[in-house]
Amino acid sequence: MSTHIVGEYLSSLLEGFLNSDFVVTLIVLSFLFHALNGIRILILDTFPFGDEEKLSITALVVFLIISVFFLVRL
Amino acid sequence: MRKPIGKYTWLILRITAITLIFFLGLHILVQHFSGAVGFGPGETRFTLAILLVIAILHGFTGTRRIILDFKNYSKSFEVILTITLLILGIIFAVIGLFILPSLI
């Protein structure tokens, strides 16, 4: 019985944690960072003559702009 | 010089990445930022299941690539790693597909 109660408490704690604004934002921003880095690599693979530094800075600026947008909306 | 990690995994990573950038981005926008409850427009259990499988495929292919990128492992290690990750991926996908209907 007590194991059941502890299990229920832990699952509600986990559910609350995963649904919290903080965790959702963290997941979204991680996805965004990973996606932008992936796009950057795809572009550099396709056009090897491109300016890597400029592209990296552009990706970082786009990430920061969208991050601010999400954080403001939160 | 390191041996190439594999052209098929390279291709799988690219294709799943492009798919995920579009569909997962749309899914996150609809599910978490539009205030919609339940399925978003055009979303069904089937499309979410496909999205889950693609995400798992991308994740485990990427993990395999990262591990093999550390140093020149033997061919047998590569095979064992691939099979292990494949089994883990199938287990994750089955768990996810079983849980999916109860989530929405």
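Helices (H or I, at least four residues) and strands (E, at least two) are DSSP runs, numbered from the N terminus.

Before we go on, note that this is a predicted model, in which local features need pLDDT of at least 70, side-chain atom pairs count only at pLDDT 80 or more, and totals for chains, interfaces and linings use all residues. Residues are numbered from 1 along each chain as its sequence is written, while chains are lettered from A and ligands numbered from 1 in the order in which they are written.

Is helix 3 of chain A tucked away or in the open? The number of buried residues among its 22 is zero, so helix 3 of chain A lies largely in the open. A residue is buried if 20 or more other C-beta atoms lie within 10 Å of its own, exposed if 12 or fewer, and partly exposed in between, with C-beta atoms placed from the backbone.

Chain A has three helices and zero strands, in the pattern α-α-α along the sequence. Its radius of gyration is 19 Å, well over the 11 Å that the globule rule gives for 74 residues, so chain A is more spread out than a compact globule. That radius is taken over C-alpha atoms, and the globule rule is 2.2 Å times the number of residues to the power 0.38. Along the principal axes, the C-alpha atoms of chain A fill a box of roughly 65 × 25 × 10 Å. Of its 74 residues, 0% count as buried.

Where do the two chains meet? Seven residues from chain A and seven residues from chain B take part in the contact; two residues are in contact if their C-beta atoms, placed from the backbone, lie within 7 Å. On the chain A side, the largest share, six residues, comes from helix 2 (residues 21–46) of chain A.

Finally, visit chain B. Arg45(B) is found in helix 2 (residues 45–70) of chain B, and it counts as partly exposed because it has 13 C-beta neighbours inside 10 Å. Leaving aside neighbours within four places in sequence, Arg45(B) is in contact with Leu100(B) and Pro101(B).
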